[in-house]
Amino acid sequence: MAIVGIIMGSTSDWETMRHAAETLDALGIAHETKVVSAHRTPQRLYDYATGAAARGLNVIIAGAGGAAHLPGMAAAMTHLPVLGVPVESKALKGMDSLLSIVQMPGGIPVGTLAIGKAGAINAALLAAAIVALADPALSQRLQAWRAAQTDHVAIDPA
């Protein structure tokens, strides 16, 4: 059963959001991925966000580009933590996405990560850290993942 949901505004966002899915896979975290557009499929968004906790999700990662309303709208309809990933846009290189996600009004928080691939990876790691608070086995896997990352950093530049 999925405990992390990954949603995105369109199929074109998968190129970015697949990095969140791959990171969750590497940590052994069950997740689901769905295209849920705030603008084109509002009923799908409503059903997804309002039913997320009942389906067993603990965290939602929402990636969106351009106007980027998906993370905020999802957060407005669930008590679960929502992590927003700004997807790079053609017009403004993701700055529009970043500002749309990070400037949520007080009372509807969205944890906002970096634009693009790094944000998707970090959203998965943050979701893992949140879930690991109640899952000692996952906590150990996350610590091992981070230790392996450290071990792969070269000492010498050449």
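Visitor: Which residues of β3 are buried on one side, and which on the other?
Guide: Val59, Ile61 and Gly63 are buried on one side, and Ile60, Ala62 and Ala64 on the other. Buried means under 20% relative accessible area, with a 1.4 Å probe and protein chains only. Strands are DSSP runs of E, at least two residues, numbered from the N terminus. This is a predicted model, where local features need pLDDT of at least 70, side-chain atom pairs count only at pLDDT 80 or more, and totals for chains, interfaces and linings use all residues. Residues are numbered from 1 along each chain as its sequence is written, and side-chain values use heavy atoms, without hydrogens and water.

Visitor: Why do the residues sit on two sides?
Guide: In a regular strand, side chains alternate between the two faces of the sheet.

Visitor: What is the strand order in the sheet?
Guide: The order is β2-β1-β3-β4-β5, in an open sheet with parallel pairing. Two strands pair if DSSP finds at least two bridges between them.

Visitor: Which strands stand at the edges?
Guide: β2 (31-35) and β5 (111-112) do. Each has a single partner strand, so one side of each lacks a neighbour in the sheet.

Visitor: Back to β3. How many bridges does it share with β1?
Guide: β1 and β3 pair over 5 bridges, in the parallel sense. Ile7 has Ala62 as its bridge partner in β3.

Visitor: And what about β4? How many bridges join β3 and β4?
Guide: There are 5 bridges, again parallel. Gly63 has Val85 as its bridge partner in β4.

Key: Helices (H or I, at least four residues) and strands (E, at least two) are DSSP runs, numbered from the N terminus. Buried means under 20% relative accessible area, exposed over 50%, partly exposed in between (1.4 Å probe, protein chains only).
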